[in-house]
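Hi there,

Here is the structure I promised to pass on to you. Have a look at it first, and then read on for what turned up in it.

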Amino acid sequence: MKIRGVLLIATALIVAPFVVEATMGNAWVRLLDFALLYVMLALGLNIVVGFAGLLDLGYIAFYAVGAYFYALLASPHFGIHWPIWAILPLGALTAGVFGVLLGAPTLRLRGDYLAIVTLGFGEIIRIFINNLNAPFNLTNGPKGIANIDPGVVTGLPIPSTILYYYLFVVLVLLIVFIGLRLQNSRIGRAWVAIREDEMAAKACGIHTRNVKLAAFAMGASFGGVAGGLFASFQTFVSPESFGLMESVMVLCMVVLGGMGHIPGVILGAVMLTVLPEIFRQSAGPMQQAIFGTVVLDPEALRMLLFGVALIVVMRYRPAGLWPEQRHRREFVAP
Amino acid sequence: MSTLLETRNLSKRFGGVLALKDVSLTILQGEIYGLIGPNGAGKTTFFNVLTGLYPKDGGEVFFDDQPLRLTHPHEVALAGIARTFQNIRLFGQMTAMENVMVGRHARTQAGIMGAILRHRLQRAEEAAIRARAQELLEFVGIAAQANRLAHHLSYGDQRRLEIARALATDPKLLALDEPAAGMNESETRALADLIQQLRAGGVTVLLIEHDVKLVMGLCDRVAVLDYGGKIAEGAPTEVRHNPAVIEAYLGTA
Ligand SMILES: Nc1ncnc2c1ncn2[C@@H]1O[C@H](COP(=O)(O)OP(=O)(O)OP(=O)(O)O)[C@@H](O)[C@H]1O
Ligand SMILES: [Mg+2]
């Protein structure tokens, strides 16, 4: 039964891009790729916000660090061309170090205060990237870095979007695996304990500083991996991609899906990537059909409906669309 | 009997309020030591300072013949002092079992790499954590509730779960802040038995309690706090007849 489920999911994951490409076109495979990147980001943020309960509004900074790390080491900008398999782990590590550096000053803060400070840090990173083109041109400033080496072999008969899809799926699976293992571990329990009651956690002998930093580092490293993949996928990075709205978006995915619940977070990320796009593409023609003209700009309408949807979900499912069913566990033996 | 805990002139101030005034007391290995006093006397504050949750304003603490640093609460737990809270502080969204497993944190090792790779040593440690937690849940009598969320437990069970979680840290000194509060008579009796068993098992107990009968029946010695200062110390019967104590409880104009 369980094996059959796994086989089913595996088959679905393998054939999905071909089916999507055949029926809806390459643009949708591309969207699928983005959905997977957001899944990685959401799973990383879920460690910080969902498990450890630390509201981080600057999370996208680690995505930026990963992306620029890749861009600098695999582009004509410095003429360095490292292979992706070498950069990604180092990028994860670098983002993890940034996670600790940016997390350390915030350790005493909670809730709103933490959110404000992390928001500031997120912006600081973006502004730094924006301005680090002088006196020494590290990031090429607002123009961004172009002609980044792709992360997959190009020129094959299979479109590169599909190859990226497989690469991303593998990393998503790895991240899910790590997330699940962490959740059911001494560290994972310590994260949740801090979320539930920091004072009691301390009295239980938990070194809250280190355990929180571990959450920041882990979350950031997932973001770093996603960032590296993003750079290789786009072959172009610029500071614009790492604004506050992106942080908010990833947080929405986590909250909407079900904070602290890995399957829920994945659902949230996929939904918030795919649904707006479906909507964007259909809103124009639909208005055309009904009113004979496009009354509202689909882009504006999209944000409006996004806001409404968020309010509705939070009103009727405050724990998210797919929250952890812990209550079920109460009645079964371990 | 040797000394387990000694505080010297421990002080704590909240703005204008001196919540602890040069409190010096000595708790012996293996005794049940009561800390009593009227509301607002500073009993809970004594616990909070002793466990490092509130910074002290003066004085020092010796534990197990070593000076004890109070600046890091987790170090205090590691040194062997565990506590419960007057206003129960469980991890509400975790199961009873997980709550106790968290208590094993200080005595176990697994880090991030261990959690991810889950090699043999790590699996053995995790199994040991679970087994010990199960044992403690049985000891306090709530094994049947192991998989329920802590915040769904009854009040009495929550108190017992807190004790189990504290015991999971392998304490030498267990500090209980009004553990019988909100318990009915039979629950209170069961609690008294539990505390006796703990002591028989080698744990020293520091007990804050308003239930006079419980304190008199259980404690070897008691100290009385009033307005942050220690006004009496000794055997329960002695302290009970101490005029200063009677005055503190009855209040004077
Ligand atoms: N966090 C705090 N901030 C300010 N004042 C405090 C704080 N905690 C305690 N106090 C004050 O310190 C004094 C002692 O309080 P404490 O809670 O230690 O009393 P207690 O002996 O435990 O009383 P009770 O029997 O009601 O639990 C009180 O005057 C209280 O108002
Ligand atoms: Mg109190």
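Let's begin where the two chains meet. Across the interface of chain B and chain A, the rule finds two salt bridges. One of them joins Asp197(A) to Arg89(B), and their closest N and O atoms are 2.8 Å apart. Please keep in mind as you look around that this is a predicted model. The interface also holds 11 residue pairs in polar contact.

How much area is buried between chain B and chain A? The size of an interface is often given as the accessible area lost when the parts come together. Here the buried area is about 3300 Å², and carbon and sulfur atoms give 62% of it. Counting residues in the contact, chain B brings 39 and chain A brings 35.

Now for the ligand. Ligand 1 is surrounded by 15 residues, and the closest are Gly40(B), Lys43(B), Thr44(B), Thr45(B) and Gln86(B). By class, this shell is made up of six nonpolar, seven polar and two charged residues.

If you zoom in on the oxygen atoms of ligand 1, you can pick out several side chains. Thr45(B) has a polar side-chain atom 2.5 Å from a ligand oxygen. For His210(B), the distance from a polar side-chain atom to an oxygen of ligand 1 is 2.9 Å. Asn39(B) also takes part, with a side-chain N or O atom 3.2 Å from an oxygen of the ligand. On its own, ligand 1 exposes 630 Å², and the protein buries 64% of that.

Two elements of chain B give two or more residues to the shell around ligand 1: strand S2 (17-28) and helix H1 (43-50). Which of the elements gives the most? That is H1(B), with three residues.

Enjoy exploring, and write back with any questions!

Best wishes

Conventions
Residues are numbered from 1 along each chain as its sequence is written. Chains are lettered from A and ligands numbered from 1 in the order in which they are written. This is a predicted model: local features need pLDDT of at least 70, side-chain atom pairs count only at pLDDT 80 or more; totals for chains, interfaces and linings use all residues. Side-chain values use heavy atoms; hydrogens and water are left out. A residue is near a molecule or strand if one of its heavy atoms lies within 4 Å of it. A polar contact is a pair of N or O atoms within 3.5 Å; within protein, one must be able to donate a hydrogen and the other to accept it, and residues adjacent in sequence count only if both atoms are side-chain atoms. Accessible areas come from the Shrake-Rupley method with a 1.4 Å probe; for residues, only the protein chains shown count as cover. Helices (H or I, at least four residues) and strands (E, at least two) are DSSP runs, numbered from the N terminus. Ala, Val, Leu, Ile, Met, Phe, Trp, Tyr, Cys and Pro count as nonpolar, Asp, Glu, Lys and Arg as charged, and the others, Gly among them, as polar. Contact means heavy atoms within 4.5 Å. Buried area is the accessible area (1.4 Å probe) that two parts lose on being put together, summed over both. A salt bridge is a side-chain nitrogen of Lys or Arg within 4 Å of a carboxyl oxygen of Asp or Glu.
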